[in-house]
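Good morning, and thank you for making time. I would like to take you through one structure, and I will begin with the terms needed to read it.

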Amino acid sequence: MNADTSINGILIVGTGGFFGAIARYQTVSLIAAPLGTLCVNVIGSFLLAVMMYDTEYIGIVPSRLRMALGIGFMGSYTTFSTFAVETSQMFTFTAALNIVANVGLTLIAVFLGRGFIIYLSRMGR
Amino acid sequence: MAIMDLLLVGIGGAIGASLRFLVSGLSPEMRGLPTGTLLVNIIGSTVLSLITFSTLNPNIHLVNIGILGSFTTFSTFAFESFRFLGQNNPQEFLANIILNLTLCITGVTIGHILANLI
């Protein structure tokens, strides 16, 4: 990922992180954990893929906005630590199911995000 | 205070995201694997476990949900793993997933053990 480790970059990522964490908190208050954690991870992975593949195929998202939304917002909206701690509190079968669901569905979400961008880029031609 | 809780989650999120940006940027790349994301995920999972299972009682909105929730990331992990498939690198794809899962869950176990010692 783009690493502009200036104060400016930190501020841009921090601002995205502010809103991403609030959005995650709101989503999980609507859909209780661990399903809420799965939801933020899947939605966030789809949107991150849309942003990153836009750069590759279309290029309408400016790099600063991609930093704020991709690294800041989506990075904070999704979470690995909560997923790991929640999984450790489950019984073996449920834990395995939770791992397969989070990894499998986020990978499918990235695939669909890329597909969406490729579709848009072909529409635009 | 719902508004206050939201604000604390947001401030924690800004701190967590900035720290993730800094720490993952400092991490050297090894064997082409995205070790920055791996490193923040291991640290964040270990510390969250330590705090969750200990008698330490930080502000849950600021520290647990805000800072530690935002310091780690699943979307970048999924994106970086998927990219290996596109590059026809099934070994790196599997290695990245297995390393994140096993090391973060090991971190949670270590955090839990440390929590019991405090």
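Two residues are counted as in contact if their C-beta atoms, placed from the backbone, lie within 7 Å. Helices are DSSP runs (H or I, at least four residues), numbered from the N terminus. This is a predicted model, in which local features need pLDDT of at least 70 and side-chain atom pairs count only at pLDDT 80 or more, while totals for chains, interfaces and linings use all residues. Residues are numbered from 1 along each chain as its sequence is written, and chains are lettered from A in the order in which they are written.

Let us start inside chain A. In α2(A), A:Val40, A:Gly44, A:Leu47, A:Leu48, A:Met51, A:Met52 and A:Thr55 meet A:Arg66, A:Leu69, A:Gly70, A:Met74 and A:Tyr77 of α3(A). By class, this contact has eight nonpolar, three polar and one charged residues; Ala, Val, Leu, Ile, Met, Phe, Trp, Tyr, Cys and Pro count as nonpolar, Asp, Glu, Lys and Arg as charged, and the others, Gly among them, as polar.

I turn now to the contact between the chains. Chain A gives 44 residues to it and chain B gives 39 residues. On the side of chain A that touches chain B, α1(A) supplies the largest share, 13 residues. That side divides into 22 nonpolar, 21 polar and one charged.

Which residues of chain B does A:Ala84 contact? Leaving aside neighbours within four places in sequence, A:Ala84 is in contact with B:Ser45, B:Cys104, B:Ile105 and B:Val108.

Methods:
Helices (H or I, at least four residues) and strands (E, at least two) are DSSP runs, numbered from the N terminus.
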